[in-house]
Amino acid sequence: MSYQVAVLAGDGIGPEVMAEARKVLSAVEERFSLAIEYTSFDVGGAAIDNHGCPLPEATLKGCEGADAILFGSVGGPKWEHLPPNDQPERGALLPLRGHFELFCNIRPAKLHQGLEHMSPLRSDISAKGFDVLCVRELTGGIYFGKPKGRQGEGENEEAFDTMRYSRKEIERIAHIAFEAAQGRRKKVTSVDKANVLACSVLWREVVEDVAKDYPDVELEHIYIDNATMQLLRRPNEFDVMLCSNLFGDIISDEVAMLTGSMGLLSSVSMNSQGFGLYEPAGGSAPDIAGQGIANPVAQILSAALLLRHSLKEEAAAVAIEVAVSKALRDGYLTGELLTSDQRNQAKSTSEMGDYIAQVVKEGV
Ligand code: NAD
Ligand code: IPM
Ligand code: MN
């Protein structure tokens, strides 16, 4: 049987890091005799340039027919002048999340062995390491709530977004967080702003209710502002962080950077049938696109998550994760992880992909 994967590389560094993920996937297919068929589709800015819209019908149909989506990143200054809903992010990525009801976004952030000194954390804090799983609600909250828009003119012009959460939406993401915690260190930290927001008051109540089904898991609540601060002070005390859409967006960039680079954080966005879109948590990085210096690890680890969650090829997923750990331990690092005096030792995007693919082929 062969698996079908829709590949949507997108814009900026998307195609650069996707090429490396494909190399690593080829290596793992060879080693584990897997048959995966890839079909590439335009998305985001690339689709606007080639077809006049960010999410062409053929791309959506291609995704519908696939077992999983491997996504790069979309967006960039070239398309920022377009009306908001025609831009790559709001015209392609959010509609894809909505269309497939990918409500569950999981972003695993841990400090890799060998990268302790690359973290911006103070050395006594990074020495303790950390392993945080960010569980983010992805199809509700202020991103999707209606009404949303602008009205009035001149002095009277205003804009509005609506934060809205139903009990059901909170319940289903909370169950994911508690189940994940049961397989880890058995602690859920629910992030909210219940001292101000009605949505957060409901969020807290529902999370408390769901917690009753998981007596073995410790639950704590924390306000978003305090959470961003405590993550800098004592990241090793967090296990699963359960977040609404906007708060999870913020927390996941923060934990990514605590690991040393935005280019290390993978992610899966899944629906209740287990269909998933796999993508780096970071974006198209226009500031470094085209230079061959983007870190491909987030894309490569996203491919590992795809093997694990959608294709149920656990051994292949682990082989990739082990190879990435070895590459980082061996000092295979792209430029953004190094200080300016170490930059001459930096590996390029493709050197890093080659090395990881080689380790996957040979085994560690
Ligand atoms: P970004 O994540 O693209 O970049 C933030 C910083 O992280 C930059 O300095 C960038 O160089 C660095 N960075 C990101 N990925 C990296 C990698 N793999 N290796 C090394 N460094 C990396 O965020 P931004 O600058 O706020 O957004 C740029 C564009 O990307 C915007 O159009 C934004 O909307 C879009 N975006 C898309 C996605 C997505 O498609 N999933 C996610 C986030 C942002
Ligand atoms: C992410 C991104 C997206 C988000 C943007 C590009 C719409 O920042 O996946 O974290 O805010 O969810
Ligand atoms: Mn983000």
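1. In this predicted model, cysteine 104 has methionine 270, in S11, as its bridge partner. The pairing to which this contact belongs joins S4 and strand S11 (residues 268-270), and these two run antiparallel over 3 bridges.

2. Strand S4 spans residues 104-110 and is mostly covered, with 6 of its 7 residues buried. S4 is also joined to S5 by 7 bridges, again with the antiparallel sense, and within that pairing lysine 110 has aspartate 131 of S5 as its bridge partner. As background, the side chains of a regular strand alternate between the two faces of the sheet.

3. Arginine 107 lies in strand S4, and it counts as buried because 28 C-beta neighbours fall inside 10 Å, where 20 or more are required. Leaving out residues up to four places away in sequence, arginine 107 touches Cys134, Arg136, Ser252, Leu265, Ser267 and Ala281.

4. Arginine 136 is placed in strand S5 (residues 131-137). Why does arginine 136 count as buried? The reason is that it has 29 C-beta neighbours inside 10 Å, and the threshold for a buried residue is 20 or more. Its contacts, again not counting residues up to four places away in sequence, are Asn105, Arg107, Cys243, Asn245, Gly248 and Ser252. For orientation, arginine 136 and glutamine 87 are separated by 49 residues in sequence and by 23 Å in space, taken from C-alpha to C-alpha.

5. Which residues around ligand 1 come nearest? Of the 23 residues around ligand 1, they are Ser73, Gly75, Gly263, Gly282 and Gly283. By class, the shell around ligand 1 divides into 10 nonpolar, 9 polar and 4 charged residues.

6. The residues around ligand 2 are Gly75, Glu89, Leu93, Leu94, Asp249, Ala281 and Gly283, and this shell contains 3 nonpolar, 2 polar and 2 charged residues. Helix H4 (residues 88-99) supplies the largest share of the shell around ligand 2, namely 3 residues.

7. The largest nonpolar core has 112 residues, of which Val24, Val135, Leu242, Ala303 and Ile320 touch the most other members. The largest share of this core, 9 residues, comes from helix H10 (residues 297-309). In general terms, nonpolar side chains tend to be buried together in soluble globular proteins.

Terms used
Residues are numbered from 1 along each chain as its sequence is written. Chains are lettered from A and ligands numbered from 1 in the order in which they are written. This is a predicted model: local features need pLDDT of at least 70, side-chain atom pairs count only at pLDDT 80 or more; totals for chains, interfaces and linings use all residues. Helices (H or I, at least four residues) and strands (E, at least two) are DSSP runs, numbered from the N terminus. A residue is buried if 20 or more other C-beta atoms lie within 10 Å of its own, exposed if 12 or fewer, and partly exposed in between; C-beta atoms are placed from the backbone. Two residues are in contact if their C-beta atoms, placed from the backbone, lie within 7 Å. Two strands pair if DSSP finds at least two bridges between them. A residue is near a molecule or strand if its C-beta atom, placed from the backbone, lies within 6 Å of it. Ala, Val, Leu, Ile, Met, Phe, Trp, Tyr, Cys and Pro count as nonpolar, Asp, Glu, Lys and Arg as charged, and the others, Gly among them, as polar. A nonpolar core is a set of buried Ala, Val, Leu, Ile, Met, Phe, Trp, Tyr and Cys residues joined through C-beta atoms within 7 Å.
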